[in-house]
Amino acid sequence: MLRSLLPIVEHAVKGPVWDCQMCGQCVLHETGMTCPMTCPKTLRNGPCGGVAVDGACEVKPEMQCVWVKANHRAENLPLLPQSWRDEIGHLRAPVNNSLAGDSSWMNLVSGADRKTPTGWKGSE
Amino acid sequence: MGAFDELVVSRERPIVTAEFPSMDGGDLDTVAEAVDRFQPYVDAVNITDNPAAHAHASNVSMAIAVKQLGLEPIMQVVCRDKNRLAIQADVVGAQMHGVTSFCALTGDDVTAGDEPEARRVFDIDGPQLVSIMRTLSDGTYLSGRSLKHHRELLIGAVENPFAPPAHVRVRRARMKVDSGARFLQLQIGYEREKLEAFVEGCGDNGVCRDAAILPTVILTKSAGALRFMDSSVPGIHVPGDVIDRIASASDPLEESYQLAREQAAHALSLPGIAGIHITDFRHDDSVHRLVHDLRLGPAFSSEAGTTHTQTA
């Protein structure tokens with residue numbers, strides 16, 4: 001019951017505010033409260049090389065690059081803990097596609113959102 | 001002296017890499033002709049992976065062919081077209097044929113190409129791909145399953161110092177180096193102050209020490225080529241005064257060469273730069289002329305260390 005209800009509640013809360021894509025492994029706090037899954041390339045680790053000089057997205061020029069926005073917010077949003085501001089520079093693991101559609105809240109509690117493949121080494 | 005992987009570590013002399021032409025058919029003789037054009041002048045060539053989201057002969061097939069013909073290939077791998085399984089299979093397969101230098105890119109979007117209806121993949125991104133390549137180099141797949149008889153890989157990546165946010169580019173370069181990149185090839189750009197700021201930042205955070213930074217120098221023929229890059233190639237900005245300089249020149253072809261020569265000399269004058277990467281859209285003898293004028297690359301290896309002090 002909770003497993004089926006929580007994703008609905010989570011999307012109802014996070015969808016309108018952050019355009020949440022329900023990846024099931026939320027990293028909003030690491031990315032200046034900006035959902036990286038709204039990047040057309042779904043990049044989790046910063047802007048690609050295609051960002052225009054004015055900060056526009058390569059794929060959707062009418063949109064500001066998600067990562068330009070994320071970095072600006074991580075540096076400037078009030079009330080963010082310093083650790084959240086710093087985490088934007090950390091290497092995030094590949095998305096676990098099997099968690100898509102799940103409640104990230106549930107995966108946060110269970111630890112499923114932090115489980116990475118055995119061979120994943122991250123960065124030094 | 002001269003193997004690309006050794007030079008990345010030793011920096012005995014400036015490294016010269018170049019973009020190998022994409023191919024759309026033909027046979028191994030076609031590849032051999034291109035290898036012959038580059039071999040005396042460069043340390044390695046980039047084997048592109050569907051550049052600008054246009055399909056071409058595959059990166060794996062071209063890298064193997066170039067390796068067998070005696071030139072060092074840097075096999076580019078982009079994240080746009082394949083998921084993590086297919087990408088790992090390509091790297092391991094190429095490695096079985098002796099390809100050991102790889103460069104990880106996020107890749108232009110499908111909308112930049114001639115088949116914008118294609119599904120974009122991006123199952124992983126550029127920095128994650130660097131880390132996965134290191135996992136393969138260390139002997140396992142991402143899953144943890146062991147590889148047999150694996151070889152150590154030389155892993156590289158790219159960065160665009162000319163795209164915003166500028167300070168994030170320096171941090172992102174560090175992230176890629178921390179993930180396993182040992183060389184960084186830079187996007188094409190004409191704004192010297194941005195390159196200088198990027199290289200200075202990479203000096204401060206140790207990237208210049210830990211990875212060989214290779215700015216790209218592009219050989220073009222005309223102002224039209226610069227206008228095309230500015231308007232149509234993602235992530236490339238060509239300032240108006242640069243375009244005007246070529247457009248108003250009495251000999252645009254020669255002025256275009258001089259622009260590239262100055263660009264190369266400026267890049268090489270920056271402390272911490274390990275060499276240059278050349279992209280040739282002229283398809284004449286300009287690569288030869290450029291390395292000769294700057295006395296760079298394997299043909300001038302006996303003059304090691306003399307070029308870093310040249311200025312534009």
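## Surface and fold of chain A

Chain A has an accessible surface of about 6300 Å², 59% of which belongs to carbon and sulfur atoms; areas follow the Shrake-Rupley method with a 1.4 Å probe, and for residues only the protein chains shown count as cover. This is a predicted model, in which local features need pLDDT of at least 70 and side-chain atom pairs pLDDT 80 or more, while totals for chains, interfaces and linings use all residues. Residues are numbered from 1 along each chain as its sequence is written.

The secondary structure of chain A consists of four helices and zero strands, where helices (H or I, at least four residues) and strands (E, at least two) are DSSP runs numbered from the N terminus. Of the 124 residues in chain A, 50% are buried, that is, under 20% relative accessible area, with exposed meaning over 50% and partly exposed in between (1.4 Å probe, protein chains only).

## Nonpolar patch

A:Met1, A:Leu5, A:Ile8, A:Val9, A:Val13 and A:Trp105 form a nonpolar surface patch with about 600 Å² of accessible area together. Helix α1 (residues 2-18) of chain A supplies its largest share, four residues. A:Trp105 is placed in helix α4 (residues 104-110) of chain A and counts as partly exposed because its relative accessibility is 32%.

Patch residues have over 30% relative accessible area and no salt bridge; like charges are joined within 9 Å, and nonpolar side chains (Val, Leu, Ile, Met, Phe, Trp, Tyr) within 5 Å. A salt bridge places a side-chain nitrogen of Lys or Arg within 4 Å of a carboxyl oxygen of Asp or Glu.

## B:Lys221

B:Lys221 lies in the loop between β8 (216-219) and α9 (223-232) of chain B. The residue B:Lys221 is partly exposed, at 43% relative accessible area.

How values were computed: Chains are lettered from A and ligands numbered from 1 in the order in which they are written. Side-chain values use heavy atoms; hydrogens and water are left out.
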